Amino acid sequence: GQGAGGSGRAGEPGLLVQRGGISQGIRLHFHALVKGLTAQSASKAQLGLGHSYSRAKVKFNVNRVDNMIIQSISLLDQLDKDINTFSMRVREWYGYHFPELIKIVGDNYTYCRLAKLIGNRRELGEERLAALEELLMDSAKAQAVLEASRSSMGMDISPIDLINIESFSSRVISLSEYRKGLQEYLRSKMSQVAPSLSALIGEVVGARLISHAGSLTNLAKYPASTVQILGAEKALFRALKTRGNTPKYGLIFHSTFIGRAAAKNKGRISRYLANKCTIASRIDCFSEVPTSVFGDKLREQVEERLAFYETGEPPRKNLDVMKEAVVEAREVVAEVRRKQEKKEKKRKKREKRRLEALAAGAEAMEDAEMETQENETEPKKKKKKKQEPEPEPEAASEPEENGLEEEEEEEEPQPKKKRKVGTETVQLDKKKKKKKKVAKEAED
């Protein structure tokens, strides 16, 4: 019941030391060591800590994502295989009709474009020589293609077969053009994520190293001896099993430095290059503002080491080179930060203008709504005022002017007014009669 390094009862949390060590005992009894902390709240705190840690691991800078490099280099390799396979299929398929073209044109992309342009070789004449020269960029080759089409030993081809060959050729051409665009994308992405590594060893080889390691962080954690044989694991384990010679290089063999070195110096230069690649990957991984200054200086060092192996000229010391690189890097980083601050100020100004424009637009909309509401309410009031006095004069004037009878007056829905109108007409009739009587008496 007692711990390995302490004495006391097993139930006492401060004295218990589990098999995993003191840290495990503290973790198990943390709620008893801290006052006011229950086991339930401690488990919630652990869960929250785990979530925040995972969230921090998942978060990343959009411009420095090495996952995109891994995917693009894998896709680039797959495209190379597919384009080679499809180009060989086009060569074999079109070769039944025009076999001499294979010997004249060696490039797969150019061959597919030619197959699509020529089509039926019997229709190829002098008028299409300019198009051939434009495609091949060589007048001698264009003339050779034209002469070969006239004396070709190939079989005749049906129109439907020719359509299929041209369709397949256009697919291969589009794949080749997409591969060029993908290579440009990879180059720009490597200059953002790992500028020093790409300046030292090239974009494609650097991307292969990152892809094989799994990420830029994993590559930065590797020692130089592992980076040297990265990609040659099968040969390494075979050599260890048979007790033979271990491989000298892996993926870094595709760099230009090892190809330029003499046979006896290939192992030495690969070891030196792996050392510089490790330094460059660590600088790229852990620097706040990645620059290609260190990669350029490291490349110069490798060039000097190559010259030393060939001519014996002593290279500069690493300390002096790194001091120069640090000074240049500070200037570059300061310039980059100045540009970033300017961009941030411009962005804030644009955001402020946009918010002001939105606020002005909202005010204009509110004013327009208020005006429309006022315009709607005013005519309603005017209409109400006008409608009220209208019925009285109409009802009074109609019987006076037209002398309407009581039957027509009954149609109007105002009985009280009808009676008044009727009495007024009776009085007028009596007055007229009196005037007539007075006039007759005067005549008599």
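1. Contact here means heavy atoms within 4.5 Å. On that basis, serine 215 touches Asp66, Ile70 and Ile210 once its neighbours within four places in sequence are left aside. Serine 215 sits in the loop that joins α11 (203-213) to α12 (216-221). Its relative accessible area is 14%, so serine 215 counts as buried, the cut-off being under 20%. The model under discussion is a predicted one.

2. As to the overall fold, the secondary structure of the chain consists of 21 helices and zero strands. The chain has 444 residues, of which 29% are classed as buried. Among contacts with a separation of 6 or more, 58% are between residues 24 or more positions apart. The accessible surface of the chain amounts to about 30600 Å², and carbon and sulfur atoms account for 53% of that area.

3. Which residues of α17 are buried? They are Val293, Phe294, Gly295, Lys297, Leu298, Gln301, Val302, Leu306 and Tyr309. As background, an α-helix has 3.6 residues a turn, so residues three or four places apart point the same way. Just after α17, glycine 312 adopts a positive phi of about 85°.

4. Helices α1 (22-28) and α2 (30-33) each contribute at least two of the patch residues. One member, phenylalanine 30, belongs to helix α2. Phenylalanine 30 has a relative accessibility of 40% and is therefore partly exposed, a class that lies between the 20% and 50% limits.

5. How many disulfides does the model contain, if a pair of cysteine sulfur atoms must lie within 2.5 Å? The count is zero. Cysteine 277 is buried, at a relative accessible area of 2%. Cysteine 285 is buried too, with a value of 17%; both figures fall under the 20% limit.

Notes:
Residues are numbered from 1 along each chain as its sequence is written. This is a predicted model: local features need pLDDT of at least 70, side-chain atom pairs count only at pLDDT 80 or more; totals for chains, interfaces and linings use all residues. Side-chain values use heavy atoms; hydrogens and water are left out. Buried means under 20% relative accessible area, exposed over 50%, partly exposed in between (1.4 Å probe, protein chains only). Helices (H or I, at least four residues) and strands (E, at least two) are DSSP runs, numbered from the N terminus. A disulfide is a pair of cysteine sulfur atoms within 2.5 Å. Accessible areas come from the Shrake-Rupley method with a 1.4 Å probe; for residues, only the protein chains shown count as cover.
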